[in-house]
Amino acid sequence: GQIAVGLGVSLLGLFISYALWKPLPLTTSRNLSLLLRIAGVLLISGGTALWFWARQTLGTMMGVSTGSAAQLRVEHRLIQTGPYAFVRHPMYLSYWLVLAACVMTYRTWTPLLFLMLMLIALSRRAQREERVLAAEFGAEWHAYAARVPMFVPLQLTNS
């Protein structure tokens with residue numbers, strides 16, 4: 001049942017990916033194209049490094065978050081160090097950086113579609129996770145959330 005559905009969805013995803021691997025309607029000069037590819041490689045590298053840093057920082061607190069629930073471990077603690085000192089969801093940010101880099105590098109519809117879908121899906125997942133964390137950690141969570149932005153590490157303030 002579930003395996004067949006998963007296989008079917010995977011095959012549909014591959015077909016759509018192949019069908020949408022068509023250039024975006026953007027005309028770029030040779031120099032801009034090279035610059036976008038270099039920036040893409042740097043973003044892929046940075047996004048991948050961010051993912052590994054976040055994963056290592058989580059350690060045993062890493063859990064599986066499904067589409068409908070976020071599971072905390074027994075004796076779970078709120079991680080506020082490493083990349084979690086800068087953003088509350090660095091792993092999701094890392095996925096977006098890599099997908100944005102793929103859009104810059106390949107300039108086709110497939111990575112753009114995946115980026116848009118992942119922006120929506122992971123934003124929703126992050127909100128579910130935050131409700132669970134707020135319920136579990138209360139004031140500690142609220143202080144952390146007030147101090148650390150959700151996804152974008154640079155916050156503009158009205159000074």
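A helix crossing is termed left-handed if the near helix is turned anticlockwise from the far one by less than a right angle, and right-handed if clockwise. In the predicted model examined here, local features require pLDDT of at least 70 and side-chain atom pairs count only at pLDDT 80 or more, whereas totals for chains, interfaces and linings use all residues. Residues are numbered from 1 along each chain as its sequence is written, and side-chain values use heavy atoms, with hydrogens and water left out.

The chain contains five helices and zero strands, in the order α-α-α-α-α from the N terminus; helices (H or I, at least four residues) and strands (E, at least two) are DSSP runs numbered from the N terminus. Along the principal axes, the C-alpha atoms fill a box of roughly 55 × 50 × 30 Å.

Helix α2 (residues 30–58) passes helix α3 (residues 90–106) with the two axes coming within 8 Å and crossing at roughly 165°. Axes are lines fitted to C-alpha atoms, for helices over the stretch in contact, and angles run from 0 to 180 degrees between N-to-C directions. Helices α2 and α3 are therefore roughly antiparallel (angles under 35 degrees count as roughly parallel, over 145 as roughly antiparallel, 65 to 115 as roughly perpendicular and the rest as oblique). The crossing of α2 and α3 is left-handed. Residues of this contact comprise 18 nonpolar, five polar and two charged, where Ala, Val, Leu, Ile, Met, Phe, Trp, Tyr, Cys and Pro count as nonpolar, Asp, Glu, Lys and Arg as charged, and the others, Gly among them, as polar.

One salt bridge (a side-chain nitrogen of Lys or Arg within 4 Å of a carboxyl oxygen of Asp or Glu) was found in a search of the whole structure. The salt bridge joins the side chains of Arg88 and Glu130, at 2.8 Å from N to O. Because Arg88 lies in the loop between α2 and α3 and Glu130 in helix α4 (residues 109–137), the pair ties together parts that are 42 residues apart in sequence.
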